[in-house]
Amino acid sequence: QVQLVESGGGVVQAGGSLRLSCAASGSVFSTTSMSWHRQAPGKQRVLVATMSSTGSAAYVDSVKGRFTVSRDDAKNTVYLQMNSLKPEDTAVYYCYLPATRSWGQGTQVTVSS
């Protein structure tokens, strides 16, 4: 079972930036796709972005142009760079590996107005 560990969350003012990390226990990101999700208080968990095994990224409209997914295969880590953050980006952010149905534990992002 692949273990995923997110980090990098925190409290930031609107307009600020954060970079989240998702570290895997093995070399999986170069062989299978992954995705970032978020869950705001009282709401369902929703997709934010995906990255294919070849490194191609896609984003939901609400974060397009502000969030960027990147990958460091040597570190078995995927990043979510979040710029121009808005209060509505406040949520717990999770990384997910569909091939193994593995979720990380999540990291809290809070954007203050």
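Contact is taken here to mean heavy atoms within 4.5 Å. The model is predicted, so local features need pLDDT of at least 70 and side-chain atom pairs count only at pLDDT 80 or more, while totals for chains, interfaces and linings use all residues. Residues are numbered from 1 along each chain as its sequence is written, and side-chain values use heavy atoms, with hydrogens and water left out.

Arg 71 sits in strand β7, residues 67–72. Strands (E, at least two residues) are DSSP runs, numbered from the N terminus. Leaving aside neighbours within four places in sequence, Arg 71 is in contact with Phe 29, Ser 30, Met 51, Ser 52, Ser 53, Thr 54, Gly 55, Thr 77 and Val 78. Met 51 is 20 residues away along the chain, and its C-alpha atom is 8.8 Å from that of Arg 71. Arg 71 is partly exposed, at 23% relative accessible area. On this scale buried means under 20% relative accessible area, exposed over 50%, and partly exposed in between (1.4 Å probe, protein chains only).

The side chain of Arg 71 makes a polar contact with the side chain of Asp 73, at 2.7 Å. A polar atom of the Arg 71 side chain also lies 3.0 Å from the backbone oxygen of Ser 53. A polar contact is a pair of N or O atoms within 3.5 Å; within protein, one must be able to donate a hydrogen and the other to accept it, and residues adjacent in sequence count only if both atoms are side-chain atoms.

A search of the whole structure finds two aromatic pairs. Tyr 94 and Trp 103 form an edge-to-face pair, 6.1 Å centre to centre with 85 degrees between the planes. Rings of Phe, Tyr and Trp (its six-membered ring) pair if their centres lie within 6.5 Å; planes under 30 degrees apart count as stacked, over 60 as edge-to-face and the rest as tilted. Tyr 94 is buried at 11% relative accessibility, whereas Trp 103 is partly exposed at 36%. Ring pairs link Tyr 94, Tyr 96 and Trp 103 into a cluster.

Charges also sit over rings (NZ of Lys or CZ of Arg within 6 Å of the ring centre and within 35 degrees of the ring normal). Arg 45 lies over the face of Trp 103, 4.5 Å from the ring centre. Arg 19 lies over the face of Tyr 79, at 4.1 Å.

One disulfide is counted, defined as a pair of cysteine sulfur atoms within 2.5 Å. The disulfide joins Cys 22 to Cys 95, S to S 2.1 Å. Cys 22 lies in β3 (residues 18–24) and Cys 95 in β9 (residues 91–97), so the link ties together parts 73 residues apart in sequence. The link is right-handed, with 75 degrees about the S-S bond. Both cysteines are buried.

The largest nonpolar core has 27 residues, of which Phe 29, Trp 36, Met 82 and Tyr 93 touch the most other members. Such a core is a set of buried Ala, Val, Leu, Ile, Met, Phe, Trp, Tyr and Cys residues joined through side-chain atoms within 4.5 Å. At least two core residues come from each of β3, β4 (34–39), β5 (45–51), β7, β8 (77–82), β9 and β11 (107–112). Beyond four places in sequence, Met 82 has contacts that include Leu 18, Leu 20, Phe 67, Tyr 93 and Val 109.

Ala 49 is found in β5 and is buried at 1% relative accessible area.

Key:
Helices (H or I, at least four residues) and strands (E, at least two) are DSSP runs, numbered from the N terminus.
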